[in-house]
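User: Please take me through this entry, setting each label against the rule behind it.

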Amino acid sequence: MSKKKILILVLSVVLVLSISVSIGIHAATEDKNLTLVSVDYIDNALKPWIKEQISAGNGFYEVVYLTKGQELIPETSAEIVLRSGSAAAISPSSAQGLSDLTTGKELYNGNAIEINHQLLVPRADGRGIRITSNESYVMIRGAYTIE
C-alpha cells in the first residue's frame, strides 16, 4: 500500500472516530438533560399524589409544624400524634371528645394532650387540637385543616 492510501485510510478512521465521539458526547448530554427533565417531571407528578395519599389517610403520617393558638381540625377517622410542645383537645360537645387510643380514655374540650399518645378523631364535627406551647410538631394521618 502506498503512503498516500495509508494517509487517506488513517484520516478516514480519525474522521469517523471524531464524528462518533461527537455524536456520543451529544447523546450523553441529551440523556442527562432527558434524565433531569424526567426526574423533575416524576417529582412534580409524585408530589400531588403523595399529598393526596396523605390526605386520604392511606397509611402515611404527615408531620405538621404548628405555633401557639393554631388549631388542627381533622376530618373523619383521622389520627393525631403530638410529637413536641403542648396542646389541648377541642370538642364542640361536652359529651364527646377525642379518643386517646394510648390510654383508652376520652379527652374532652380543654383537656391536655400528652406527647406521643395516638388520638383518633371519629367524626368531622369540629374536634381537633389547639396548640398551647410556642411551637409544636404533630403527626397526622388523614385530611385536615389548620385554623
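User: Glutamate 79 and arginine 141: do these count as buried or exposed, and how do you know?

Analyst: Both glutamate 79 and arginine 141 are buried, a label that requires a relative accessible area under 20%, with exposed meaning over 50% and partly exposed the range in between (1.4 Å probe, protein chains only). This is a predicted model, in which local features need pLDDT of at least 70 and side-chain atom pairs count only at pLDDT 80 or more, while totals for chains, interfaces and linings use all residues. Residues are numbered from 1 along each chain as its sequence is written, and side-chain values use heavy atoms, with hydrogens and water left out.

User: What makes the contact between glutamate 79 and arginine 141 a salt bridge?

Analyst: The rule asks for a side-chain nitrogen of Lys or Arg within 4 Å of a carboxyl oxygen of Asp or Glu; the closest N and O atoms of glutamate 79 and arginine 141 are 3.0 Å apart, so the pair qualifies. Glutamate 79 belongs to strand S3 (residues 78–84) and arginine 141 to strand S10 (residues 135–141), so the bridge ties together parts that are 62 residues apart in sequence. Strands here are DSSP runs of E with at least two residues, and helices are runs of H or I with at least four, numbered from the N terminus. Glutamate 79 also stands opposite arginine 141 in S10.

User: How do you know that S3 and S10 are paired?

Analyst: Pairing requires that DSSP find at least two bridges between two strands; S3 and S10 are joined by five, in the antiparallel sense, so they meet the requirement. S10 is also joined to S1 by six bridges, again antiparallel, and in that pairing tyrosine 65 has tyrosine 137 of S10 as its bridge partner.

User: How many salt bridges does the rule give, and why is the contact of arginine 130 with glutamate 71 one of them?

Analyst: The count comes to three. The side chains of arginine 130 and glutamate 71 meet at 2.8 Å, N to O, which is inside the limit already given, and this pair links distant parts of the chain, with arginine 130 in strand S9 (residues 128–131) and glutamate 71 in strand S2 (residues 71–74), 59 residues apart. Arginine 130 has 32% relative accessibility and therefore counts as partly exposed, whereas glutamate 71, at 17%, is buried.

User: Why is the set of residues around Leu72 and Ile129 called a nonpolar core?

Analyst: The term denotes a set of buried Ala, Val, Leu, Ile, Met, Phe, Trp, Tyr and Cys residues joined through side-chain atoms within 4.5 Å. The largest such set has 16 residues, and those with the most contacts inside it are Leu72, Ile80, Leu98, Ile113, Leu119, Ile129 and Val138. The elements that give two or more residues to this core include strand S1 (62–67), strand S4 (87–90) and strand S8 (118–121). In soluble globular proteins, nonpolar side chains tend to be buried together. Isoleucine 129 touches, among others, Leu72, Ile80, Leu98, Ile113 and Val138, leaving aside residues up to four places away in sequence; such a contact means heavy atoms within 4.5 Å.

User: What makes S7 and S11 edge strands?

Analyst: Five strands form an open antiparallel sheet in the order S7-S4-S9-S2-S11. Strand S7 (112–113) and strand S11 (144–146) each have a single partner strand, so one side of each is left without a neighbour in the sheet. For S11, the pairing with S2 is antiparallel and rests on three bridges, with isoleucine 146 as the bridge partner of leucine 72.

User: Serine 133 is in a loop; why is this residue called buried or exposed?

Analyst: Serine 133, in the loop between S9 and S10, has a relative accessible area of 16% and is therefore buried. Its contacts, not counting residues up to four places away in sequence, are with Thr67, Lys68, Gly85 and Ser86.
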